Amino acid sequence: MTDVAAPRLPRTDRQGLDARLVVDRGSFRLDMALTAAPGDVVALLGPNGAGKTTALRVLAGLVPLTEGHLRLDGAPLERVPPESRPVGVVFQDYLLFPHLSALDNVAFGPRCRGLGKAEARAVAAAWLERMGLADHAGAKPRRLSGGQAQRVALARALATRPRLLLLDEPLAALDARTRLEVRARLRQHLAEFEAVAVLVTHDPLDAMVLADRLVVVEHGRVVQEGTPADIARRPRTDYIARLVGLNLYRGEAGGHTVRLDAGPEITTTEQLSGPAFVAFPPSAVTLHKVRPTGTAARGSWRCEVAGLETHGDRIRADLTGELALAADLTTMAAAELELRPGAPVWATVEATQTHAYPA
């Protein structure tokens, strides 16, 4: 395969990404540090308006920095125009040129970097073959499935051999069945990518499967970062807890008890002192029509059903009252409890089902 050289940078040591991205837009300020070594796949997660897309656009050179710095492999990029940066981008809607074939879409980048038509098409053909799309080289985008179009867009981004690959919700346009297959293929291609990849997604499963490290952004700030396992086990904000499917509370720990900021106490197996988080899955919650007796009564809370929805093969009940929480139960259990919006219930959680850690 013919290589296409990225624009020459002042330094060639492969240090990866080192950035502090500050963008001030008056009512909104993004201020986040972002680092990654070559070979890392970093996922930016966060609610709408958190600043994820702004960060991606800064990295691509489409939004200027107000403050901070942006270095890639030791070279500053702040003043490098977008078309001269060694950056590849896969957009949410792929943005393939409708009048060009898959081959010429992929060849577009190498042509822009100075290769002749024949050489650029040879590079593109090699990438399409790597993506399993050699038989679709002559197809226009309208003739491609969603999964095929996504792979063409990825090939186009990689054909210039970027040192930074940016993926903006790359699976969002796919249906559920196609998404499963393409996610697996994308994971394979990212695992083979030798430079830095930064992924923006709203889907926690995409992030958990594709990324080596998660960076969670809220209100323009990084609120938590770590491996997918670390984030899932120890969420530190309500957004992250909902993302990984946990009930999360903050309070003051004293021994095996955490008095929550919301009022009630939760018994835990861990022994802590000082500010602490307590987390447990909705499946750990047991609901009762009447207040439990005996030892269970000490860890029970009077609640009211705020809403019900199907959650996989179970029913998810959103509860308010002494403790706001989510509970998962079978359809049969929901029927026996006569659950409906407004129905009173008692909720309990065993200490062995909770997980407490320092705040």
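This is a predicted model: local features need pLDDT of at least 70, side-chain atom pairs count only at pLDDT 80 or more; totals for chains, interfaces and linings use all residues.

Student: In what order do the 5 strands of the open sheet come?
Tutor: The order is E13-E17-E14-E15-E16, with antiparallel pairing. Strands are DSSP runs (E, at least two residues; helices are H or I, at least four), numbered from the N terminus, and two strands pair if DSSP finds at least two bridges between them.

Student: Which strands stand at the edges?
Tutor: E13 (285–288) and E16 (325–329); each has a single partner strand, so one side of each lacks a neighbour in the sheet.

Student: And how many bridges join E14 and E17?
Tutor: E14 (residues 300–311) and E17 (residues 344–349) pair over 5 bridges. Cys303 has Val345 in E17 as its bridge partner.

Student: Switching topic, how much space lies in the largest pocket?
Tutor: About 620 Å³. A pocket here is an open set of points on a 1 Å grid over the protein atoms alone, where a 1.4 Å probe fits, with protein on both sides within 12 Å along at least five of seven lines; lining residues have an atom within 4 Å of a point. The volume is the space filled by probe spheres set on the points, which are joined across faces, edges and corners.

Student: Which residues lie nearest its centre?
Tutor: Pro82, Val87, Gly88, Val89 and Phe91, out of 22 lining residues. H1 gives the most to the lining, with 4 residues.

Terms used: Residues are numbered from 1 along each chain as its sequence is written. Side-chain values use heavy atoms; hydrogens and water are left out.
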